[in-house]
Amino acid sequence: MKKKKTVWGWGINAGGQLGDGTGVSPRTAAVRWGNVANAIAIAAGYAHTSALRADGTVWSAGFNGAGQLGDGTFTSATAPVRMANVANAIALASGGNHTCTLDATGVVWGVGYNTRGQLGDYGFATQRASAARMALVGSTIAAARGQTYTIVLKADGTVWGLGYNGVGSLGDGTGTNRSTFVKMLNATNTVGIAGGYVSRLALQADGSGW
């Protein structure tokens with residue numbers, strides 16, 4: 001019999017992001033994150049956490065002032081709540097106060113803080129408490145988040161980004177913030193991506209990093 005994959009957390013818990021349902025006190029030893037079983041991926045934002053289950057559902061706990069838990073409310077939760085509008089998810093990533101999921105059809109969905117346009121929902125900059133479909137349609141194989149931006153990797157090896165770009169962090173040769181996806185220059189044959197606070201990395205098929 002396969003063991004169920006449970007999620008555990010410890011440390012600061014100011015938003016209830018450790019998900020054990022008992023409050024917001026720090027934890028110096030690991031506590032179980034809700035009753036979510038069969039988790040296959042986890043992600044953490046500034047004060048919220050999320051888990052992807054094998055059945056394609058996403059569950060989140062913690063601070064929800066920007067709607068980043070995705071349950072249709074702006075109410076924080078100390079135990080995991082299910083993200084609305086999300087089904088058949090295969091990957092997830094969290095930024096400071098937003099979360100995105102990738103579904104099995106290659107479509108990316110975003111929820112939460114959106115003042116920089118990082119949710120990519122057709123140019124709007126409204127906080128979302130329920131997941132909105134990102135404007136880049138299909139063929140996405142990976143997504144990554146930073147504090148106020150989103151980047152995605154498409155099946156053709158190109159990388160696209162939106163959100164904060166004040167220090168050129170989207171890699172499109174400008175410093176202009178973007179609410180719709182722009183293509184990252186010089187990123188071809190990419191096989192992996194990662195996001196930091198305002199910088200990001202792309203790994204190409206030849207083993208080089210950009």
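Tutor: Helices (H or I, at least four residues) and strands (E, at least two) are DSSP runs, numbered from the N terminus. Two strands pair if DSSP finds at least two bridges between them. The model is predicted: local features need pLDDT of at least 70, side-chain atom pairs count only at pLDDT 80 or more, and totals for chains, interfaces and linings use all residues. Residues are numbered from 1 along each chain as its sequence is written, and side-chain values use heavy atoms, with hydrogens and water left out.

Student: Is strand β5 largely enclosed or left open by the rest of the structure?

Tutor: Buried means under 20% relative accessible area, exposed over 50%, and partly exposed in between (1.4 Å probe, protein chains only). In β5 (residues 58–62), four of the five residues are buried, so the strand is largely enclosed.

Student: In β6, what is the bridge partner of Trp59?

Tutor: Strand β6 (residues 77–82) runs antiparallel to β5, and three bridges join them. Within β6, the residue bridged to Trp59 is Arg82.

Student: Which strands stand at the edges of the open sheet, and why is one side of each left without a neighbour?

Tutor: The open sheet has four strands, in the order β7-β8-β9-β10, with antiparallel pairing.

Student: What is the bridge partner of His98 in β9?

Tutor: Strands β8 (residues 98–103) and β9 (residues 108–112) pair in the antiparallel sense over five bridges. In β9, the partner of His98 is Gly112.

Student: What is the relative accessible area of Asn38?

Tutor: Most residues other than glycine have a negative phi. Asn38, not a glycine, has a positive phi of about 60 degrees. Asn38 is in the loop between β2 (27–32) and β3 (39–44). This residue is partly exposed, with a relative accessible area of 33%.

Student: Is Asn88 buried or exposed?

Tutor: Asn88 is in the loop between β6 and β7. Its phi is positive, near 55 degrees, in a residue other than glycine. With a relative accessible area of 53%, Asn88 is exposed.
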